[in-house]
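Visitor: Please take one part of this model and go through it closely. Give me the contacts, and the cut-off behind each term.

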Amino acid sequence: MQKIIPSKIGKSDGSGADIAVASTANVWSRSHKIAFGGVFCLSYRAKSSTGTPDIDLYLEQTHIDPALVSTGEGVIGDVDNGWVIPEGVSKIADITDENWHQIALSPTVLPYLRFLCDGQGSNPADCTLELVLSQQELFQ
C-alpha cells in the first residue's frame with residue numbers, strides 16, 4: 001500500500017511560518033527527511049501585498065543529518081553540513097506570480113533536502129513563500 005504524505009516546509013528556524021524572502025535575500029527552508037519517499041511533488045505559492053513576487057527556487061540536498069551539525073539549517077553549504085545543489089539540477093522554479101503551482105521533483109538518493117529561495121531584484125520586501133512537499137511512501 002502506498003500513502004501520500006504532505007508536509008509544510010517552514011522557515012530554517014524550525015517554525016511553521018511561511019518563508020520570508022525580502023527583496024534580494026537568499027534564505028533557506030527547514031530541512032526535510034525524505035529517506036522513505038519514492039515520488040515527490042512540491043506545491044508552492046508566493047504572497048505579497050505590495051508587488052509581484054520574483055523568486056528563484058533551488059533544491060539542495062545532503063547526506064549529513066542537519067540536527068548533528070551547528071551549521072545544519074539556514075546556512076550556505078560547507079564541509080560540515082554538506083548542503084549542495086545536486087549535479088545536473090538547476091533552478092527548479094522561477095516564481096513570478098501568487099498562484100499555487102505543483103512540480104514533480106526528482107531528488108538524488110540522499111536522505112535530506114531543503115530549498116534555497118533566492119529573491120531577485122524586483123522582489124517586494126514583504127514577500128513570503130509557502131512550500132508543501134508531498135511524498136509517496138510504501139507501507140507494508
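Guide: Start with a charged pair: Asp 56 and Lys 91 join their side chains in a salt bridge, at 3.6 Å from N to O. This pair links distant parts of the chain, 35 residues apart: Asp 56 is in strand β6, Lys 91 in the loop between β6 and β7. A salt bridge here is a side-chain nitrogen of Lys or Arg within 4 Å of a carboxyl oxygen of Asp or Glu. Strands (E, at least two residues) and helices (H or I, at least four) are DSSP runs, numbered from the N terminus.

The model is predicted: local features need pLDDT of at least 70, side-chain atom pairs count only at pLDDT 80 or more, and totals for chains, interfaces and linings use all residues. Residues are numbered from 1 along each chain as its sequence is written, and side-chain values use heavy atoms, leaving out hydrogens and water.

The two partners differ in cover. Asp 56 is buried, at 9% relative accessibility. Lys 91 is partly exposed, at 35%. Salt bridges with shared partners also join Lys 8, Asp 18, Arg 45, Lys 47 and Glu 130 into one network. The cut-offs for cover are these: buried is under 20% relative accessible area, exposed is over 50%, and partly exposed lies in between, with a 1.4 Å probe and protein chains only.

Now take one link of that network. Lys 47 forms a salt bridge with Asp 18, and their closest N and O atoms are 2.6 Å apart. Lys 47 is in strand β5 and Asp 18 is in the loop between β1 and β2, so the pair ties together parts that are 29 residues apart in sequence. Lys 47 is partly exposed, at 25% relative accessibility. Side chains of opposite charge can pair when their charged atoms come close. The whole structure has 8 salt bridges. Another one joins the side chains of Lys 11 and Asp 13, at 3.5 Å from N to O. Lys 11 is partly exposed at 29%, while Asp 13 is exposed at 52%.

Next, the strands. β5 and β10 are antiparallel and pair over 10 bridges. Pairing requires at least two DSSP bridges between two strands. Elsewhere along it, Gly 37 has Glu 137 of β10 as its bridge partner. β5 also pairs with β8, antiparallel, over 5 bridges. There, Phe 40 is the bridge partner of Leu 105.

Strand β1 (residues 2–9) runs antiparallel to β10, joined by 8 bridges. Ser 7 stands opposite Leu 133 in that pairing. Strand β2 (residues 19–20) pairs with β10 over 2 bridges, again antiparallel. Its Ile 19 has Leu 129 as bridge partner. β10 is mostly covered, with 8 of its 11 residues buried.

Beyond its neighbours within four places in sequence, Gln 135 touches residues including Ile 4, Ile 34, Val 39 and Phe 40. Contact means heavy atoms within 4.5 Å.

Finish inside. The largest nonpolar core has 23 residues, and Leu 42, Leu 57, Phe 115, Leu 129 and Leu 131 touch the most other members. β5, β6, β7, β8, β9 and β10 each supply at least two of its residues. β5 gives the largest share, 4 residues. Such a core is a set of buried Ala, Val, Leu, Ile, Met, Phe, Trp, Tyr and Cys residues joined through side-chain atoms within 4.5 Å. Leu 42 shows the reach: leaving aside neighbours within four places in sequence, its contacts include Leu 57, Ile 103, Phe 115 and Leu 131.
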